[in-house]
Amino acid sequence: MKHKVGIIGCGGIAHQKHLPALMNAAERIEIVACCDIIIERAIEVAKNYGTTECKVFEDYKELVKVEDIEIVYVLTPNVSHCPITVAAFEAGKHVMCEKPMAASVEDAQQMMDAWKKSGKLFTIGYQNRYRADSQTLKRLCDENELGEIYYAQAHALRRRGVPTWGVFTDKAQQGGGPLIDIGTHSLDLTLWFMDNYEPAAVTGATFEKLGHTLSPKEQGNLMGPWDPDTFEVEDAAFGFVTMKNGALITIDASWILNHTEERCASSYLCGTKAGAELTGLAGADDEKLYLNKIMGGKQVLIEANTSAGGVDLFPGKTVKSYDVECKVWLDAIEGKGELVVKPEQAFTVTKILDAVYKSARSGKQVVF
Ligand SMILES: NC(=O)c1ccc[n+]([C@@H]2O[C@H](COP(=O)([O-])OP(=O)(O)OC[C@H]3O[C@@H](n4cnc5c(N)ncnc54)[C@H](O)[C@@H]3O)[C@@H](O)[C@H]2O)c1
């Protein structure tokens, strides 16, 4: 029997990631319902990807009532992740929700409570974890090749990279700008590599200097001009995170920053035995893994070749991270494996991002 899937939110990430991944797993799933507040989008997805009887809804509350749906995908703007996920858990569904978990820590807490009550599975769409190079670096960290990681940087910087589709610059819909949108990927990976989910305190700063002042002529945006009159989020955000074990993580995230690199998105780790840098996160396309260490008394920089042999989770094949994400998710539902992105981990990412915003607003350190 195939797993019956309901899709809520039929926009960018549905088309770029989840629908292709689900179609590549078509022997295991079928899409039996689609929902979007823009009904034409749900109709189009139902027609192109759904079963012949695929149902279409404008209101997610109707979709979650469909009894035979087992898995709900929440692919809507950040602010609706919470109400939709909570409704799906209350209706007894497993939930794959897009990143970040929620627009605020309060929302994320409600989602965690509903998940725990439901006894169902919950994961968040941090697909970078399934890349071959991320898997390699995670293994090196777990095998203590880097020693104790006590300093890390989570970068997600774009000089001019404002997303101009969807509602990314709408604060009420997204909860924030580049930090919550792309900083979330770099921070998620950094915490995972460090296997450290215990923040002690966060200091943050955000800047709103350029997004609402630059005219389309002055912007030079990679994704076409944005509207300065509706740009409500930060241009850039910075965080200084101390962990309970004394480790330090710095976070920087921007869509608009006069920075030398056009795009630079990486997780940078410094350990007692070696260091590492994983690049190419958050839409930057320079995927590389570098290790640095002292060998034979000399400083050595190694560029890992992780393209051969696929990833551990999907051995022997060169596969896309989104296919691995989907496979791991379906395997976990079938009791054949563990989730890679665990709800508690994604919750900690949201806690830290939320604290950066709160600290920036108050001018004070947030202590956990
Ligand atoms: N994993 C990644 O790398 C990645 C990349 C891009 C976006 N995302 C995440 O995916 C989510 C959606 O982003 P997107 O780029 O697809 O945006 P989008 O605007 O292209 O698509 C969102 C869709 O949801 C619909 N929608 C909005 N509110 C709804 C509601 N209450 N009920 C049903 N449908 C609703 C919209 O009409 C739209 O069609 C965001 O949380 C974003 O952070 C993740």
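Which polar backbone atom is 3.5 Å from a nitrogen atom of the ligand? It belongs to Ile37. I take a polar contact as a pair of N or O atoms within 3.5 Å.

Some ground rules. This is a predicted model, where local features need pLDDT of at least 70 and side-chain atom pairs count only at pLDDT 80 or more, while totals for chains, interfaces and linings use all residues. Residues are numbered from 1 along each chain as its sequence is written, and side-chain values use heavy atoms, with hydrogens and water left out.

One of its oxygen atoms lies 2.8 Å from a backbone N or O atom of Lys99. An oxygen atom of the ligand is also 3.0 Å from a side-chain N or O atom of His185. Alone, the ligand exposes 850 Å², and the protein buries 89% of that (Shrake-Rupley areas, 1.4 Å probe).

Now the shell, meaning residues with a heavy atom within 4 Å. There are 26 residues around the ligand, and Gly12, Ile13, Asp36, Arg41 and Asn78 are the closest. Helix α1, residues 12–24, supplies the largest share, 3 residues (helices are DSSP runs of H or I, at least four residues). By class, the shell has 11 nonpolar, 10 polar and 5 charged residues, with Asp, Glu, Lys and Arg counted as charged and Gly as polar.

Last, the second largest pocket. Its lining has 7 charged residues, 4 polar and 3 nonpolar. Helix α11, residues 343–362, gives the most to that lining, with 5 residues.

Note on methods
Helix = DSSP H or I, 4+ residues; strand = E, 2+ residues; numbered from the N terminus. Polar contact = N/O pair within 3.5 Å; in protein donor to acceptor, adjacent residues only side chain to side chain.
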